[in-house]
Each structure stands twice: as structure tokens, then as C-alpha cells.
Amino acid sequence: MTIRVLAPGALSTVQNGGREGYRHLGVGSTGALDAYSHTVANLLVGNRRDAAALEITLAGPRLRFERAARIALCGADIDAHCDGRAIPAWRPVSIPAGATLALGACRRGARVYLAIAGGIAVPTVLGSSSTDLRGGFGGVEGRALVAGDALHVATDGEIPVEALQVARWWIDPSPDIAFDTPTIVRVLPGRDTVAPAGALFDPEWRVAVASDRQGVRLEGEMLRPVDPDERISEPVSPGTLQLPPDGQPIVLLADAQTHGGYPRIGHVIRADWPRLGQLRPGDRLRFEPCDRAQALDAWRDRCHRLARIELAISARLQSA
Amino acid sequence: MARLAAGTDGSPDIERLGEDGLLVRLGTAIDPRINARVHAFARQLAASRPDWVRDIVPAYASLAVFVEPGKPPHACDLLDAAIDWIRAQPADVMADTAISGVVEIPVRYGGEHGPDLAAVAAHAGLHPADVISRHAAVDYTVAMLGFAPGFPYLLGLDTSLAMQRLQTPRLRVPAGSVGIGGAQTGIYPRSGPGGWRIIGRTETVLFDPRRSQPSLLSPGDRVRFVPVAGP
């Protein structure tokens with residue numbers, strides 16, 4: 001089954017759970033920035049959790065489906081229409097052959113995941129279907145979608161859909177995706193500290209326009225590291241909170257470089273990465289200190305919530 | 001004998017990189033001897049690597065160990081296990097004395113291939129031909145791969161050739177460009193923005209994700225540039 005890209009949107013890329021094990025070659029993690037929404041979207045259409053789906057940024061694409069398909073949209077609030085009819089998110093939707101799916105602007109949040117039953121079929125490169133924009137491989141030719149692209153979907157056969165069908169049940173994504181103002185993310189200590197000690201945690205930060213899949217760039221009161229000496233490049237990780245000389249912190253995301261030479265003033269915990277992925281320019285952000293036990297609890301809670309969601313969806317899909 | 005230990009109590013200096021990474025620091029300077037120990041330690045770890053270790057990532061004077069993100073109920077125990085594993089390594093790591101093979105990289109220097117060759121020569125007070133011969137006279141070591149997939153940071157540059165990066169990076173540096181950034185030299189595997197002084201270009205493909213060995217060079221490898229003539 002083929003999906004034709006009529007208009008690509010601002011930045012639409014194929015992403016799965018990410019590409020791990022190649023950081024020693026300078027290859028970053030890539031993968032869905034909001035892995036929670038990405039996972040739920042896949043579960044809603046009966047896919048594996050880490051199947052390849054489309055990550056849509058701020059303004060969505062227009063897509064024509066040559067065959068009927070079951071889809072789900074999860075993540076940011078977005079205007080979505082199928083042949084002119086509004087369709088809701090966080091639930092399975094069946095769309096008929098020949099339909100055009102038009103995704104508009106994100107109203108809240110920055111990234112939407114479009115999962116299609118069967119998953120988007122792209123070659124596996126270095127163990128992953130995710131697009132590596134820096135390396136120019138993975139996904140669709142290592143780049144964002146452009147008008148005229150064809151997305152192939154691995155389906156087992158025809159899905160009989162006469163007209164648009166919207167499930168009457170849905171998944172409530174809170175508290176993982178909540179669009180609170182300000183967004184709060186929890187931070188484990190890094191090697192470096194700032195002076196005064198509360199300077200990172202007391203103020204609100206504003207998300208800068210230059211933020212992208214490599215990092216959330218923040219604007220606010222200039223931070224000063226306790227030890228401002230220059231240092232050599234060392235490995236970094238997604239979630240690392242870097243402090244460049246301009247005093248404006250950057251939270252590294254999945255597409256960040258594998259090494260960095262700036263002071264590391266913290267690490268945003270994994271359970272809160274989806275919230276980072278939903279930040280848009282101008283949004284407000286606060287950091288909260290946490291310890292390893294709290295990080296572990298947060299991660300276990302997340303895993304348990306996803307496991308419950310998976311069970312609930314599977315029960316619904318089987319009874320349908 | 002070189003000591004692995006960098007902590008005050010004689011144990012390795014280990015920093016947590018969030019919930020699933022550890023950074024083991026052997027030094028704080030760009031120094032070929034420290035870097036050689038990093039690669040020796042990385043090989044030593046690789047020899048007893050547990051299956052839950054995702055990646056061992058060398059840098060100039062440190063290396064990172066990344067573990068699988070924990071699955072409940074055992075989430076996060078893996079970092080503690082990784083610390084035990086690292087601390088159980090012999091405290092003294094010797095750089096390998098056996099020299100591995102040298103990867104030769106043919107380079108067309110100057111002209112359209114190396115638009116900054118004249119500037120590097122002027123900065124060094126040398127004739128461009130001397131810059132080429134000095135750049136090609138050394139066996140370099142791949143200190144680490146970073147910045148982009150397959151980009152080698154090479155140690156061993158003749159100090160007379162060191163030159164600061166461009167004030168304003170170029171928007172597009174062609175694939176295969178050989179550059180000088182400060183005291184290091186390196187090769188851009190793919191066209192893209194870059195601030196290093198470009199003195200030549202190679203047609204050798206540094207990184208191809210479809211190859212069984214995607215990166216031509218691995219951390220710790222030896223590299224030599226071979227000048228070639230022609231357009």
C-alpha cells in the first residue's frame with residue numbers, strides 16, 4: 001500500500017524507537033523525540049511498539065492514501081481532517097481508499113506521531129528505520145519528507161473500509177503528555193554546578209526558536225558554571241543539560257552529537273523526555289532537581305502505565 | 001606504567017551520564033599517551049563486555065559506557081552493575097605496543113580541493129608544498145569519531161600547521177574535505193556546514209551505513225595521508 005505525500009509539512013520524518021550501539025562511530029540515537037506518544041500510536045493500530053511511524057513537527061503534511069488504512073495520531077494537539085471531516089487523536093481511525101489526510105498546525109505541543117497499521121516500510125539501516133538527518137541515512141533517504149514522496153506500508157491485505165470510522169474510545173495520555181504551563185522536567189545532577197546553586201531551578205526558561213531535534217535551546221537569566229575552565233570533548237547523552245559560554249542552557253535530544261565540550265550541569269530523566277519533545281518555541285520550562293531513586297520510580301511508573309495501556313488497547317482491538 | 005586510576009582513592013573517576021550512561025575519565029587533556037590508554041581500556045572492556053552494554057564510546061581522555069535502559073523491576077540496577085564491572089578491571093592499563101595497520105588516505109591538496117591551503121601556509125610561514133609534505137609525513141591516531149557519523153578527530157598534527165577554525169563556518173564543506181581545526185586534523189565524511197580550514201579532499205568514502213563496517217576508521221586506528229596529483 002502506498003501513501004502519496006501531497007505536501008510535506010514543516011519537518012516530517014520516519015522514526016522508530018531509535019538507533020543504539022553506534023555512538024562510538026559518531027552516530028547519534030535518533031528516534032521519536034516523544035517516544036511515549038509514538039508507542040501509543042503504534043499500539044492503537046496493532047503495531048509493535050517501536051514500528052516506524054511519521055514524526056510531524058508543528059505543521060503537518062497532506063497525504064493521499066491509495067488504499068484503506070487504519071491510523072492513529074498521538075502527541076501534540078493538531079488540526080486533522082480526512083476528506084474534510086475532523087478526526088480526533090489518541091484513538092484508532094479507519095480511512096477509506098483514496099482519502100486525503102490533511103494535518104494542519106499543532107495547537108499545543110510540537111510533535112505528532114502518525115502510525116499506520118503495518119508500519120511504514122523503509123530499509124533498516126544500522127539496526128533502525130529512524131531518519132538520521134545529520135548522517136543522511138535511515139527513514140526516507142535520510143531526509144525529511146518532500147512533496148511527491150511515496151510511503152510504503154507493509155499490510156497483509158485489504159482492510160474493508162467503506163467510509164471513515166472513528167473509534168468511540170480513546171487513550172488519556174496524562175500525566176505523560178499534559179501541556180502544563182510551565183512544563184516541568186526533572187533533572188539528575190551533572191558533573192558541573194552553577195552559581196548560585198538555585199540559578200538553574202528557580203527561574204522559568206523560555207524555549208528558543210533555534211531548538212530542533214538536536215536540542216532544546218533555552219533563554220533566560222545567564223547561568224555561570226562554578227568552574228568555567230575550557231574542557232575537552234567528552235561523550236554526552238540525550239537528556240544532557242549543557243551550558244555553553246553564553247550561559248543559556250541546551251538540553252540535548254535524540255539527534256544531538258555524540259560528544260561535547262561544554263559543562264554538563266544535569267541530565268533530564270528519561271521519563272520526562274517526551275515532554276521535552278513537545279516543547280515549542282516560546283513555551284516556558286522549569287527544572288526540578290531529583291535523585292536516582294525518584295528517577296527510577298518515574299521510569300517504573302511510566303513503564304507500568306504503558307503496559308496497562310497496551311493491555312487495554314489489545315482488549316479493545318480484539319473485541320472490535 | 002600508566003595508571004588507569006584518576007580518583008583520589010585510586011579508583012577510576014566515574015561520572016553518571018543520566019540514567020544509562022557512565023563516563024570514565026583517564027585525564028583532562030588532549031594528549032596522545034592518555035588517548036592511547038583510552039583505546040587500550042576500551043579494548044580491555046570490550047573483551048569482557050556483558051550483553052547489556054549497548055556501546056563503549058571513546059573520546060580524547062575518557063570513554064563512556066552506555067547500558068540498556070532498565071526494564072522494571074530491574075531498571076537502573078544495570079548502571080550499578082556497570083560500575084562494578086569497570087572497577088573490577090585491572091587498575092593499570094598499558095597502551096598496546098603492537099601497532100595496527102595504517103590506513104592510507106589519498107588526498108588532493110590545494111586548489112579547489114583545499115581552498116584554505118594558502119592561508120594555512122601563510123599562517124605557518126611556509127610554502128604550500130611544505131604544508132602538504134608536513135601534513136602527509138605523520139601517522140595520525142583516530143582519537144575519536146564524533147561531530148558526525150564517521151568524522152575522525154586525528155591526533156599527531158605537526159604543531160607548525162595548527163590554526164584556529166574559521167570565524168564563520170562555511171555553510172557547505174564538500175564530502176571528503178580534509179581540514180585543520182586548532183591542533184587537530186580531520187576529514188568531513190559528508191558535505192555539510194563546517195569551520196575547519198580545508199587544505200585538501202579525498203575521494204575515499206569515510207562512512208557508508210550500508211557497509212558491514214560502516215566507518216572506514218575506528219577509534220584508535222592509525223591514518224596516513226598520501227598526496228595525489230591531478231585535478
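**Close-up views of a predicted two-chain model**

**View 1. The two domains of chain B.** In this predicted model, chain B is divided into domain 1, covering residues 13-87, and domain 2, covering residues 102-227. Between the C-alpha centres of domain 1 of chain B and domain 2 of chain B the distance is 28 Å. The contact involves 7 residues of domain 1 of chain B and 7 residues of domain 2 of chain B. On the side of domain 1 of chain B that touches domain 2 of chain B, helix 1 (residues 32-47) of chain B gives the most, with 4 residues. That side of domain 1 of chain B consists of 5 nonpolar and 2 polar residues, with no charged ones.

**View 2. The barrel of chain B.** Seven strands of chain B form a closed barrel in the order 5-12-9-10-7-6-13, and the pairing is mixed. From one strand to the next, the twist averages 40°. Helix 3 (residues 117-124) of chain B packs on the sheet, where it touches strand 5 (102-109), strand 9 (177-181) and strand 12 (197-201) of chain B. The direction of helix 3 of chain B makes about 120° with that of strand 12 of chain B.

View 3. The loop between strand 12 and strand 13 (222-227) of chain B holds Ser218(B). Because 18 other C-beta atoms lie within 10 Å of Ser218(B), this residue is partly exposed; a buried residue would have 20 or more, and an exposed one 12 or fewer. Thr141(B) is 77 residues away from Ser218(B) in sequence, but their C-alpha atoms are 9.8 Å apart in space.

**View 4. The contact between chain A and chain B.** Chain B contributes 38 residues to the contact and chain A contributes 36 residues. On the side of chain B that touches chain A, the elements giving two or more residues are strand 2 (21-25), strand 3 (53-58), strand 4 (62-67) and strand 6 (140-145) of chain B. Strand 3 of chain B gives the most to this side, with 5 residues. By class, the side of chain B that touches chain A has 25 nonpolar residues, 7 polar and 6 charged.

**View 5. The two domains of chain A.** Chain A is divided into domain 1 (2-172) and domain 2 (183-289).

**View 6. Strand 5 of chain A and its partners.** Strand 5 of chain A is mostly covered, with 11 of its 14 residues buried. Strand 5 of chain A runs antiparallel to strand 8 of chain A, to which 10 bridges join it; here Leu73(A) stands opposite Leu114(A) in strand 8 of chain A. Strand 7 (residues 93-95) of chain A also pairs with strand 5 of chain A in the antiparallel sense, over 3 bridges. In that pairing, Val93(A) of strand 7 of chain A is the bridge partner of Ile71(A). Strand 6 (residues 85-86) of chain A pairs with strand 5 of chain A over 2 bridges, again in the antiparallel sense, and Ala86(A) in strand 6 of chain A is the bridge partner of His81(A). The hairpin of strand 5 and strand 6 of chain A has 2 residues between the strands, and Asp83(A) takes a positive phi near 50° there.

**View 7. Helix 3 of chain A.** Helix 3 of chain A comprises 28 residues, 292-319. At 1.5 Å a residue this helix should span 40 Å, which agrees with the 41 Å between its end C-alpha atoms. Ala295(A), Trp299(A), Arg302(A) and Ile313(A) are buried in helix 3 of chain A. The cover over the buried residues of helix 3 of chain A includes helix 1 (35-44) and strand 11 (183-188) of chain A.

How values were computed: Residues are numbered from 1 along each chain as its sequence is written. Chains are lettered from A and ligands numbered from 1 in the order in which they are written. This is a predicted model: local features need pLDDT of at least 70, side-chain atom pairs count only at pLDDT 80 or more; totals for chains, interfaces and linings use all residues. Two strands pair if DSSP finds at least two bridges between them. Axes are lines fitted to C-alpha atoms, for helices over the stretch in contact, and angles run from 0 to 180 degrees between N-to-C directions. Two residues are in contact if their C-beta atoms, placed from the backbone, lie within 7 Å. Domain bounds come from an automatic or database domain assignment. Ala, Val, Leu, Ile, Met, Phe, Trp, Tyr, Cys and Pro count as nonpolar, Asp, Glu, Lys and Arg as charged, and the others, Gly among them, as polar. The expected span of a helix is 1.5 Å times one less than its number of residues.
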